[in-house]
Amino acid sequence: MTSKTDESTSPETVAPQAPPVPVVNKVTSEDISDSLKAGFADFLARPVMSGFFGLFYALFGILFVWSLVSLGKIWMVIPAVVGFPLVAPFAAAGLYEMSRRLEKGESFGWSEILTVMANQRKREMGWMAFVTLFIFWVWVYQVRLWLAIILQDASFSDFDGFMQIVFSTPEGWTFLAIGTLAGAVLSAVLFSVTVVAMPILLDREIDFVTAMLTSVRVVTENPVVMLGWAAIISVTMLLSMVPAFLGLIFTLPILGHTTWHLYQRAVAPIDA
């Protein structure tokens, strides 16, 4: 005869244990430097595959801007180009997986990496993609709002006309100042919630909210160092887009691989 006590402790009635909350480490400028070296080494280890992700991202950017110009959405070109790096963390998912396998000494080919990326749609990565694209959407349409409020009487039918109004009139300067401030706030929010969230979702079985909170904790507990990392990303990405986005073929993979190694330093291993 089985007692009630035995029934209450049977394996079937034990609630599943929630995964432990990730432990956040202190990081230094040396961690940034070491991560960059490791990221560059990963790029050199598999340059063709790494460059593929950069090329795909660059071609998408070129197509995106060309579509805006073709559709007559001239006003969207600048916010689209400036905001384009915001979606880079999601675009670099395959690079994180490459770095993970290189770090463990595992062999891999195209099918293994692309399969892992495809499988992310069944996990929490899809929700992070939604968050990323939503903030990018807010970024673009807040620019549209300030454009309507500040440059309401201005007219421009081509990109040169738009640039002239924005950079040579008091209204344009006001538009740039307010748009830059609003963009900086949105960029800071997105950077904070994604800087290690994407790698940790690829690496561990946790929910996207925990991943975002962990990412925010990494930033708040290492504000100066992470601000420096954000500056490196922003400047590198924007400069890479100057030659028709083509610089991204090299810089996106290196930054993506680097992000993986920085995540490894910023978040303690599960068994630590």
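Hi everyone! Let's start with a crossing: helices H3 and H6 cross in a left-handed way, meaning that the near helix is turned anticlockwise from the far one by less than a right angle, while clockwise would be right-handed. Helices here are DSSP runs of H or I with at least four residues, numbered from the N terminus.

A quick word on the source: this is a predicted model, where local features need pLDDT of at least 70, side-chain atom pairs count only at pLDDT 80 or more, and totals for chains, interfaces and linings use all residues. Residues are numbered from 1 along each chain as its sequence is written, and side-chain values use heavy atoms, with hydrogens and water left out.

Back to our pair. The axes of H3 (residues 47-70) and H6 come within 9 Å and cross at roughly 160°. Axes are lines fitted to C-alpha atoms, for helices over the stretch in contact, and angles run from 0 to 180 degrees between N-to-C directions. H3 and H6 are therefore roughly antiparallel, the word for angles over 145 degrees. Met49, Ser50 and Phe53 of H3 touch Gly94, Leu95 and Met98 of H6, where contact means heavy atoms within 4.5 Å.

Now, where is Val27? Look in the loop between helix H1 (4-8) and helix H2 (29-45). Val27 counts as buried because its relative accessibility is 6%; buried means under 20% relative accessible area, using a 1.4 Å probe and protein chains only. Leaving aside neighbours within four places in sequence, Val27 contacts Asn222, Val225, Met226, Arg265 and Ala266. Val27 and Asn222 are 195 residues apart along the chain, yet their C-alpha atoms are separated by 6.5 Å.

Definitions and conventions
Helices (H or I, at least four residues) and strands (E, at least two) are DSSP runs, numbered from the N terminus. Buried means under 20% relative accessible area, exposed over 50%, partly exposed in between (1.4 Å probe, protein chains only). Angles under 35 degrees count as roughly parallel, over 145 as roughly antiparallel, 65 to 115 as roughly perpendicular and the rest as oblique.
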